[in-house]
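Here are my notes for your first look at this model. Keep the structure open and check each point as you read.

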Amino acid sequence: MPGDFSRDTFDPALQRSAVRLQQGRLVVDADWNEQRDIELHDVRTGRHHMVGSAGGPVGDVGFELTGGASLDYGAGTYSVDGIRVVTDGGDVPDAPTADGTYLVYLDVWERYVSAIDDPSIREVALGGPDTSGRSVVTHRVRTLELPAGGTPTCASSFAEWDAVVAGSTGTMA
């Protein structure tokens with residue numbers, strides 16, 4: 001995540017439950033950020049344990065797909081790997097135009113927002129410096145054409161999907 005941070009000290013493998021500030025010691029951003037990361041990890045892990053890898057609350061499940069002249073998704077809340085996503089609904093940007101079998105999925109990520117992106121987070125009482133940034137959960141409904149033949153199920157495996165979720169190799173093409 002971009003931003004002017006001294007270091008990132010959060011490691012879920014260490015199973016830390018809190019950061020304890022000591023009297024008379026220096027206060028640095030890494031301590032505050034680690035505490036927030038501990039809490040966020042705990043909340044998202046708990047949500048993942050309760051909801052599963054994906055799902056939404058009864059009566060407010062977001063991203064329900066509806067068809068017609070275009071492919072749309074509905075307003076509401078959804079959880080992906082414990083990350084809560086809220087939407088007002090909208091059109092699927094890359095909706096298929098040709099016949100075929102498609103996988104429609106929700107791509108979710110977190111992005112950093114600085115005072116350049118959102119001037120309202122500047123501290124006006126101090127003359128307008130940017131004292132901190134924000135994290136925002138962002139989403140996009142995407143489609144992936146699947147190979148012809150057969151009837152896919154949730155248990156089906158596709159090389160095309162495996163390539164999407166494989167992650168970066170760290171090399172450029």
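1. Start at Val-92. Leaving out residues up to four places away in sequence, Val-92 touches Leu-65, Leu-71, Asp-72, Tyr-73, Val-141 and Thr-143. Here, contact means heavy atoms within 4.5 Å. Val-92 also belongs to the largest nonpolar core, which has 9 residues.

2. A word on the basis. This is a predicted model, where local features need pLDDT of at least 70 and side-chain atom pairs pLDDT 80 or more, while totals for chains, interfaces and linings use all residues. Residues are numbered from 1 along each chain as its sequence is written, and side-chain values use heavy atoms, with hydrogens and water left out.

3. Now Pro-93. Pro-93 sits in the loop between strand 6 and strand 7. Strands (E, at least two residues) and helices (H or I, at least four) are DSSP runs, numbered from the N terminus. Is Pro-93 buried or exposed? Pro-93 counts as exposed, because its relative accessibility is 52%. The classes are buried under 20% relative accessible area, exposed over 50%, and partly exposed in between (1.4 Å probe, protein chains only). Pro-93 touches Arg-140 and Val-141, not counting residues up to four places away in sequence.

4. Strands pair when DSSP finds at least two bridges between them. Strand 3 (residues 72–73) is joined to strand 6 by 2 bridges. Asp-72 has Asp-91 as its bridge partner in strand 6.

5. Turn to Glu-34, in helix 1 (residues 29–51). Glu-34 counts as buried because its relative accessibility is 8%. Which side chains does Glu-34 meet in polar contacts? One is Thr-9, at 2.6 Å. Another is Arg-16, at 3.1 Å. A polar contact is a pair of N or O atoms within 3.5 Å; within protein, one must be able to donate a hydrogen and the other to accept it, and residues adjacent in sequence count only if both atoms are side-chain atoms.

6. Check the salt bridges. The count is 4, where a salt bridge is a side-chain nitrogen of Lys or Arg within 4 Å of a carboxyl oxygen of Asp or Glu. Arg-16 and Glu-34 form one of them, with the closest N and O atoms 3.1 Å apart. This pair links distant parts of the chain, 18 residues apart: Arg-16 is in the segment before helix 1, and Glu-34 is in helix 1. At 44% relative accessibility, Arg-16 is partly exposed.

7. Two further salt bridges deserve a look. Arg-142 and Asp-107 meet at 2.9 Å, N to O. Arg-142 lies in strand 8 and Asp-107 in strand 7, so the pair ties together parts 35 residues apart in sequence. Arg-36 and Glu-39 meet at 3.3 Å, N to O. They are separated by about one helical turn, because they are 3 residues apart in helix 1.

Note on methods: A nonpolar core is a set of buried Ala, Val, Leu, Ile, Met, Phe, Trp, Tyr and Cys residues joined through side-chain atoms within 4.5 Å.
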